[in-house]
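The following exercises are to be worked with the sequence and the structure in view. Each task is followed by a solution in steps.

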Amino acid sequence: MADELLVVANSAVPESLELARYYMERRAVPSANLFLVRTSTRETVGRRDYDEQIAGPLRSFLEKNDPEGKRFRCITLIYGMPLRVLPPPLTRMEGSELKDLQTALKEWTQRKNLAGKKQPEESRKIQERLADLRRKIQILSKSNWGASVDSELALVREKSPELDGWLPNRYYFNFQGKEIKNMPRRPVLVSRLDGPDPSIVRRIIDDSMYAEVHGLPGRAYFDTRRPEKAAPKEGKTLSAYERYDLAIHNTARVVRKSGKLHVVVNDKPTLFGPGEAPDAALYCGWYSLGKYVDAFTWVRGAVGFHVASSECTTLKVPGKTVWCKAMLEKGVCATVGPVAEPYLQSFPAPEVFFSCLLDGRAALAECYGVSNPFWSWQQVLIGDPLYRPFLRRGFPAVN
């Protein structure tokens, strides 16, 4: 329900507060549920500023006003909040050690090129040394410590979460009831109302409420890379790409079975072309890296996401054609995307995400919560967390 939302805006951006109030008025969110921070007006924030200006104050507020974690079940970030948080800076000693490792990597790479394939045993040793150096460089550089602000804030209730790559989401359908190493115990759902400009954010809010009243007609489009394959032969497993392609096929089957939307599947190597996807209500597909294809006319309230590695690296930079930004500009109401290389297994399970929306008993934020495998990572959910395109009900508790 609306009173379970905590709305977070950036007081350094006037439009952020204006949009927060507009959303809260439209959704009848109590005024006491607004929390203001003052932080960077850019899309990227440093780790120290994130800790001191965003996470720290928010954690203190929650400890004081919701110590048991029962009052606020979802955090909603408003236009003007940074999009990504950088890894922490290296100490002088770490920087020196990293420089030595990079020098060694360069030297061993040269040795590999000189050795060629004429000395198999020597080549094997060089390859092992190179792999070890790359592993040490990755760990020392803390490259896995960067994340979306949203995904990092999901762990704001945790006492001391790990900062070394993704952490399993206990709400994810395939992790529920399991004991998994380093799995945070008290995550909170996070979404954001954001976009290239304030008018688009207002439109997202208005379209969400319009579709809840008038329904979400149109078509569901699914862009796979190949025709659906039969089950693999005994002893043979599908690759990660084949599994995700099959997941998109399965999602199309789920939507078709629901009878709520006409389904169109493109199983050719090429994507839907310009003008080939009119009246789009739902969409999932891949793979056009950072290049939105203007194939769609989006109905009011449309939801969809494109599976590629850089589709939410910016929502503001003019001229950028990453999918999240472009889809919002063209009329989508809710979408998902990564702020940096996320790896395929971190994308939401499409069958779970879309079947949850179709069922209608859960809001957008919870549908994302049960389909998103990891926190403290790169993915972002953009949209009204209370949005239910297929049924109007209260915001459900997450157990």
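**Exercise 1.** Is serine 376 buried or exposed?

*Solution.* The model is predicted, so local features need pLDDT of at least 70 and side-chain atom pairs count only at pLDDT 80 or more, while totals for chains, interfaces and linings use all residues. Residues are numbered from 1 along each chain as its sequence is written, and side-chain values use heavy atoms, with hydrogens and water left out.

Step 1. Buried means under 20% relative accessible area, exposed over 50%, and partly exposed in between (1.4 Å probe, protein chains only).

Step 2. Serine 376 has a relative accessible area of 2%, and therefore it is buried.

Step 3. Its place is the loop between β14 (374-375) and β15 (379-382). Strands (E, at least two residues) and helices (H or I, at least four) are DSSP runs numbered from the N terminus.

Step 4. The side chain of serine 376 forms a polar contact with that of glutamate 152, at 2.5 Å. A polar contact is a pair of N or O atoms within 3.5 Å; within protein, one must be able to donate a hydrogen and the other to accept it, and residues adjacent in sequence count only if both atoms are side-chain atoms.

**Exercise 2.** Determine how many disulfides the model has.

*Solution.* Step 1. A disulfide is a pair of cysteine sulfur atoms within 2.5 Å. By this rule the count is zero.

Step 1. For cysteine 74, the nearest cysteine sulfur belongs to cysteine 367 and is 12 Å away.

Step 2. Cysteine 284 is buried, its relative accessible area being 0%. Cysteine 74 also counts as buried, at 0% relative accessibility.

**Exercise 3.** Describe helix α6 and what covers it.

*Solution.* Step 1. Helix α6 comprises 17 residues, 198-214.

Step 1. From first C-alpha to last, α6 reaches 24 Å, close to the 24 Å expected at 1.5 Å a residue. The expected span is 1.5 Å times one less than the number of residues.

Step 2. The buried residues of α6 include Ile200, Ile204, Asp207 and Met209.

Step 3. Among the elements covering the buried residues of α6 are α1 (14-27), β8 (189-193), β12 (296-306) and α8 (323-330).

Step 4. Just after α6, glycine 215 adopts a positive phi of about 90°.

Conventions. Contact = heavy atoms within 4.5 Å.
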